[in-house]
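Here are my notes on this model, point by point. Please read them with the structure open.

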Amino acid sequence: MIQPTHSSRRILLPARGWFIYLSLCAALLLNLIPLGRLPGIPDWVALTLAFWCIHQPLKVGMGAAFFFGLAMDVANASVMGQHALAYVLLAFAAGGLSRRILWFPVVAQALHVLPLLLGTQLVMLMIRLVTGAEFPGLLYFLSSFVAILLWHPLNYLLLLPQYRAIEHDENRPI
């Protein structure tokens, strides 16, 4: 019998759609907190979107990414479609790699998510540079590294409602 690589052997219930979109809306609200230009503040929508595209690729995909990307574009008054394009590419890559990423423990998953988040930031940076903005400096990419440090707590927090209660039934093996 193959042993799972993660520490929990509990069975997860299906994720509820309302919880998924509530967490994405909460991430959008976290992105809207006015913190100025502090380096290292993660893109909460990109992080949460990557999480759900990896864990639930049939429920969250490029449509949700496009919608939340447009919401971020409107909220930030940035180039229309900048976040939408970056989030759609993130959702496409995360959904395509979801089966591979889920085989790894949570720490290795974070290392797989890092290039996805850096790619998202790179797409947004390229669009800004093409439209005439200045290069923000290398600290701009610090937020992706902070985001992967938050991958484990986010993983625990967003999977918590899906854990089945531990009930031992003598008649059922599962």
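1. Is F67 exposed or buried? F67 is exposed, because its relative accessible area is 55%; exposed means over 50%, buried under 20% and partly exposed in between, with a 1.4 Å probe and protein chains only. F68 counts as buried, at 2% relative accessibility.

2. A word on the basis. The model is predicted, so local features need pLDDT of at least 70 and side-chain atom pairs count only at pLDDT 80 or more, while totals for chains, interfaces and linings use all residues. Residues are numbered from 1 along each chain as its sequence is written, and side-chain values use heavy atoms, with hydrogens and water left out.

3. Helix 3 covers residues 62-76. Helices here are DSSP runs (H or I, at least four residues), numbered from the N terminus. Helix 3 has 15 residues and spans 20 Å from its first C-alpha to its last. That is close to the expected 21 Å, which is 1.5 Å times one less than the number of residues. Just after helix 3, A77 has a positive phi of about 55 degrees.

4. Which residues of helix 3 are buried? They are A64, A65, F68, G69, M72 and D73. These buried residues pack against helix 1 (17-31), helix 2 (44-55) and helix 4 (82-101); contact means heavy atoms within 4.5 Å.

5. Now the aromatics. The whole structure holds six aromatic pairs. Rings of Phe, Tyr and Trp (its six-membered ring) pair if their centres lie within 6.5 Å; planes under 30 degrees apart are stacked, over 60 edge-to-face and the rest tilted. F51 and W52 pair edge-to-face, at 4.9 Å centre to centre and 80 degrees between the planes. Both F51 and W52 are buried. F67 and F68 also pair edge-to-face, at 5.2 Å and 85 degrees. Ring pairs join W18, F19, F51, W52 and W151 into a cluster.

6. A147, I148 and L149 of helix 6 meet W151, H152 and P153 of helix 7. By class, this contact has five nonpolar residues, one polar and no charged. Nonpolar covers Ala, Val, Leu, Ile, Met, Phe, Trp, Tyr, Cys and Pro; charged covers Asp, Glu, Lys and Arg; the others, Gly among them, are polar.

7. H55 sits in helix 2. H55 counts as buried because its relative accessibility is 17%. Leaving out residues up to four places away in sequence, H55 touches L102, Q109, N155 and L159.

Technical notes. Helices (H or I, at least four residues) and strands (E, at least two) are DSSP runs, numbered from the N terminus.
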